[in-house]
Amino acid sequence: MATKTIEYKITNCIKKRGRGTFMFAADFVRYGEQKSINKALERMRNDGIIILISRGMYYYPHIDRLLGLGVLFPPLEDIASAIAKRDKARIVPTGLFALNRLGFSTQVPMNAVFLTDGYPRKVNLTTGGVIQFKRTSPKNLAFNSELAMLLTFALKSLGRENITQDIIDKTRSILKNDEAKTVKGDFKLMPSWISSIIKKLYEE
């Protein structure tokens, strides 16, 4: 009976938050003992109300009824952001994930690496993917412009010697939409070769 009562309370709580809500088992300690909470969450998972993202992390999913896709698994970035919010940490996407965000790569990564000022860890997802958080210096998290941040870590992941004309052209196109020139304010946080590329594109 206690588990059903806890399940009822959790269900009401997440429905008020709405679909697209992430939750952690520890979020519901006010409803009872952790063992009973875990059982309630497991029942909800078995009933298809929530899905398991990783150990102790659940999601109240969006449902695609228009195209018949059913349950929609959340993007990696949303999962990483939810973990960072829980841990009160900042994160920065790197590598293939940053390249994909900017349109430099069409490959959708199953794994993602984020720099963080929180705890370094690997999160194994139920999809088989992995989100890795790597500890970094405060400088790498000090960007005011998200675009500047993404450009910096996308270009760094490619390496100076691998910057092709296609990448330059795509960067130029992206910067044209930066009407306020917000990227300029973060030049001091970029490697000099990256800020040099962007400066030249702004001057064209």
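A: Start with burial: a residue is called buried when its relative accessible area is under 20%, and exposed when that value is over 50%. The model here is a predicted one. In the protein, buried residues make up 46% of the 204 residues.

Q: How many helices and strands are there in the protein?
A: The protein has seven helices and nine strands. Its C-alpha trace spans about 70 × 40 × 30 Å along the principal axes.

Q: Which share of the contacts with a separation of 6 or more is between residues 24 or more positions apart?
A: A contact means heavy atoms within 4.5 Å. Residues 24 or more positions apart account for 56% of the contacts in the protein with a separation of 6 or more.

Q: Is Pro 61 buried or exposed?
A: Apply the cut-off to its value. Pro 61 has a relative accessible area of 0%, so the residue counts as buried. Its place is in the loop between strand 3 (57–60) and strand 4 (62–64).

Q: Which residues does Pro 61 touch, leaving out those up to four places away in sequence?
A: With those left out, Pro 61 touches Arg 19, Gly 20, Ile 49, Ile 50, Ile 51, Val 71 and Leu 72.

Q: Why does Asn 177 count as exposed?
A: Asn 177 counts as exposed because its relative accessibility is 66%. This residue lies in the loop between helix 6 and helix 7. From Asn 177 to Tyr 59 there are 118 residues in sequence and 34 Å in space, C-alpha to C-alpha.

Q: Where is Gly 48, and is Gly 48 buried or exposed?
A: Gly 48 sits in the loop between helix 2 (34–46) and strand 2 (51–54). With a relative accessible area of 51%, Gly 48 is exposed. Gly 48 and Val 71 are 23 residues apart along the chain, and their C-alpha atoms are separated by 9.2 Å.

Q: What is the phi of Lys 88?
A: Phi is a backbone angle. Lys 88 has a positive phi of about 55°, although it is not a glycine. Lys 88 is found in the loop between helix 3 and strand 6 (91–93). Its relative accessibility is 77%, so Lys 88 counts as exposed.

Q: Which residues touch the most other members of the largest nonpolar core?
A: A nonpolar core is a set of buried nonpolar residues joined through side-chain atoms. The largest one has 30 residues, of which Phe 104, Val 183, Met 190 and Ile 198 touch the most other members. Two or more residues of this core come from each of helix 4 (95–102), helix 5 (146–158), helix 6 (165–176) and helix 7 (192–203). Helix 5 gives the most, with seven residues. There is also a second, separate core of 18 residues, which includes Ile 83, Phe 97, Ala 112 and Val 123.

Q: What does Val 183 touch, not counting residues up to four places away in sequence?
A: On that count, Val 183 touches Ser 145, Leu 147, Ala 148, Leu 175, Asp 178, Met 190, Ile 198 and Tyr 202.

Q: Which residues line the largest pocket?
A: A pocket is an open space, whereas a cavity is one from which the probe cannot get out. The largest pocket holds about 230 Å³ of space. Its lining consists of Phe 22, Phe 24, Asp 27, Asp 78, Ser 81, Ala 82, Lys 85 and Arg 86. Strand 1 (21–24) and helix 3 are the elements that give two or more residues to this lining, and helix 3 gives the most, with five. By class, the pocket lining has three nonpolar, one polar and four charged residues.

Q: What is the volume of the largest cavity, and which element gives the largest share of its lining?
A: The structure holds one cavity of 30 Å³ or more. The volume of the largest cavity is about 50 Å³. Helix 3 (residues 76–87) gives the largest share of the lining, three residues. Among the lining residues are Ile 83, Ala 84, Asp 87, Tyr 119 and Phe 133. By class, this lining has six nonpolar, two polar and two charged residues.

Note on methods. Residues are numbered from 1 along each chain as its sequence is written. This is a predicted model: local features need pLDDT of at least 70, side-chain atom pairs count only at pLDDT 80 or more; totals for chains, interfaces and linings use all residues. Side-chain values use heavy atoms; hydrogens and water are left out. On a 1 Å grid over the protein atoms alone, a cavity is a set of points where a 1.4 Å probe fits but cannot get out, and a pocket is an open set with protein on both sides within 12 Å along at least five of seven lines; lining residues have an atom within 4 Å of a point. Grid points are joined across faces, edges and corners, and a volume is the space filled by probe spheres set on the points. Helices (H or I, at least four residues) and strands (E, at least two) are DSSP runs, numbered from the N terminus. Ala, Val, Leu, Ile, Met, Phe, Trp, Tyr, Cys and Pro count as nonpolar, Asp, Glu, Lys and Arg as charged, and the others, Gly among them, as polar. Buried means under 20% relative accessible area, exposed over 50%, partly exposed in between (1.4 Å probe, protein chains only). A nonpolar core is a set of buried Ala, Val, Leu, Ile, Met, Phe, Trp, Tyr and Cys residues joined through side-chain atoms within 4.5 Å.
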